[in-house]
Every structure is written in C-alpha cells, then in structure tokens.
Amino acid sequence: MRRLARRDGVNVALLDRLGTELYGRRTTTGLRRDLVVSGAQGPTLGVDGETLVNLASNDYLGLAGDPEVLDAARRALRDGGLGVAAGRVLCGTREVHRELEASIADLVGAEDAVLYGSCFDANLGVFDALLGPDDVVLSDALNHASLIDGIRLARARRRVFAHADLDDLERRLAESADARHRLIVTDGVFSMDGDVAALPRLCELARRHDAALLVDDSHATGVLGATGAGTAEHFGLAGRIDVLTGTLGKALGGGAGGFVAGPRPVVETLRQVSRPYIFTNAMSPPLAAAALTAIRVARERPGLRERLAANTARLRAALRDLGYEVPPGEHPIVPVMLRGGTLACDVAAALRREGVLAFALSHPVVPLGEERIRVQVSAAHTADQLELAAAAFGRARAGAAGS
Ligand SMILES: *Cc1c(COP(=O)(O)O)cnc(C)c1O
C-alpha cells in the first residue's frame, strides 16, 4: 500500500484516534474484510480461483444473470449512455424512469411510485418528507438500519416497539393518541430470521387507531405473493399498505435502486421535498432498463417463484434432517441456528472448505446466543447444487469440531 510520505495538512489527532480504535476492534471483534468475488452473481461464485455454491446473495429469482435483463441494460447503454449527470428534477429524467415507476406501482398495486438511488436512500428520504414534530413514528425493534437512520433524520417523535410484539405496539399507540399522525413502520420480511411481519394484524391495529402503515418490502418484492407483489399480496392485502418502500437490488435484478410506492399525495410530496430524491444524480438508465425488464420477467414467469419455494423447502428439510436447528418459515432466508461461542463462524469456515459460501452472523449483528449461519436460496440453484450444499453442511459440523 502507498504510504503517505508526510502528514502536513493532515489532522494527526484524528488519525491517531482512528488508529487506536481500529486496533481495539481488530483485537476484539476482528475487522471486516470484504470478500473479492470474480464473475457474475449467480448460483455459484468464483472466490480465490475456486467455484463455490453461493448461499449468500439476495438474487432470489436468479435475475441478476438473466439474459433478457442483461440485454435490456446493454441496449439502454448503447442507445442512451451510462448516466445522465443531472438530478431527476433538472434534466435527468428519462422515459425509462417514468416507465419503471409506473411498472413498480402496478406491481405492488399502488397509485404511483418514485425512484431513489437505493432503498437505503428511499428510507432516509421518506420520513422527514411526510412527517413533522407533531407526529409519532412507531418502529419495530428489528427494523433495517436504513429505517432507523431515516427515522432519526425526521423531526417526528420516535417510539420503538419490541420485535413483532403487537401488544407492545398497541400500548404505544394508545400512549400517543395526541399525535397528529401515527406511522407504524416495519420490515415486510426481517433480514436476520426471514420472518414475515404479521400484516393482517398490523393493518387491523392501524385502522383501529387511525394510524398509517409503512412497510419496507426489500426482501419480499418479487419473492412473496402469487405475482411477486410482496408481503401484502402474500396475505391478500395488496394495495392496502399506506406507504411501501423497496429495493431493485435484490430479487428484481440485483442492480441498484430503491423506491417508495403509495397514494398519489404521498409520492407527489416526496417528489417535491424529499432530499435524497432531489439532491442527487438520477438512476443510470441501463440500471433502470434492467429493473424494468426484471419486473416484467418476474411477473411473466411465476415458475421462478415456484422453483424458489421448492428449492427453499428442499434445503430447509435437508438441514433439519441433518439435525440442524432451522426455525419454521417459508422465506428463502433460512437461519441455521448455531448458538454460542464461535460455532457459527467455525461451521461457516468448514463450509467454505467444502465449496459452499454462507456467512455466520454473530454478536453484535444478532444477540448473544442467537448466532447463526444465514442461508439464502435462489430459484437459480440446481438440485445438484442444493444437494452439494446439504452434504457440505453434513460434514461441516464435524469439520468445525475438528478444526
Ligand atoms: C437490503 C435492504 C435495504 C437496502 O436496500 P438497498 O437498495 O441495497 O439500499 C433496505 N431495507 C431492507 C429491509 C433491506 O433488506
């Protein structure tokens, strides 16, 4: 690595503090090191010259490598270039942005939708735009980091309810009856456990207390529901959520981008005042074209979701047969509980030696004693790849014990 020859003009006190903190981190939790992967995202991945079965991506429908999706991006690149070098509100809006927004709204059953650079941006931009200091946000304790940050940026008051505890939520709704608006906020599918929010009861609570409901459906758009409309469709409630946020970076092609969908006044307000919509570059047209095609493909091929469900059921059953603790669920996020100490990390390392990529989640990402390996299944996995993965899990525990 290139070293700085001199540090004139650099604040040494800042660098010293960061160096000390990084040293502390390295000796306690260890530092994150990003894995460098070669080749395209798919059911297998190249790592260090090896091909691994990929149980770690959000490419649930296998559309990141879909030829139609990639062709759409290539055509858009050829016809319109890579980027627009302008914000949406100036000269950055192209026809493909409007088409993609209409297609998202149609998919989820909303009146309109607005694009952001990512769902992280969407979540940063939605709360402050819609709410003020007289309002209260009620947020599930396990909501995604971007929701937590977006709520922090808003001037509304914040109340956190225990994860999926609707009695706790109802108490907090009753306590905040003086607010102008109450907005209940939840992930549609929670990323650590793959558990699905109880939307029927949440909708009922919201209605009874005259509150609104915002669902971040990043892990569910394209995945859950007969047409891939997400968690609401899964429960027969499509189009009944006040505000929906989601990503184009997971099942819908894995490129990048986020959105907020909802009634026209919500979406129009965001276009007028939402800062991560206004003060940033417009989405690259090839990415927008890819996402537009991914949504069409995801809707036209319900077989993808059937295949995903079958693959998920198959791997869940195989892991249970091996004696692993797999909490009940249907989502392709499959938590494999390996509680205590470094067991989850050891098993993940053993899996890697067996040619399988899956990550261990340990404290502080999950509570102590809740350590697990998170497996993510794709419709693109073949029966052979899933069998190889299960066999590797079978040997990995013994390998971890011996390592
Ligand atoms: C992945 C994820 C995001 C972030 O989406 P990006 O488009 O990658 O920024 C936000 N919310 C939830 C619930 C997610 O799972």
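Tyr324 counts as buried because its relative accessibility is 4%, where buried means under 20% relative accessible area, exposed over 50% and partly exposed in between (1.4 Å probe, protein chains only). This is a predicted model, in which local features need pLDDT of at least 70 and side-chain atom pairs count only at pLDDT 80 or more, while totals for chains, interfaces and linings use all residues. Residues are numbered from 1 along each chain as its sequence is written, and side-chain values use heavy atoms, with hydrogens and water left out.

**Around Tyr324**

- The rings of Tyr324 and Phe393 have centres 5.3 Å apart and planes at 85°, so the pair is edge-to-face; rings of Phe, Tyr and Trp (its six-membered ring) pair if their centres lie within 6.5 Å, with planes under 30 degrees apart counted as stacked, over 60 as edge-to-face and the rest as tilted.
- Tyr324 is in the loop between helix H13 (302–321) and strand S11 (333–337), and Phe393 is in helix H15 (residues 383–402), 69 residues apart; helices (H or I, at least four residues) and strands (E, at least two) are DSSP runs, numbered from the N terminus.
- Phe393 has 0% relative accessibility and so counts as buried.
- Arg397 lies over the face of Tyr324, 4.1 Å from the ring centre; for this, NZ of Lys or CZ of Arg must be within 6 Å of the ring centre and within 35 degrees of the ring normal.

**Aromatic pairs**

- The count of aromatic pairs is two.
- Tyr116 and Tyr277 form an edge-to-face pair, because their ring centres are 6.2 Å apart and their planes at 65°.
- Both Tyr116 and Tyr277 are buried.
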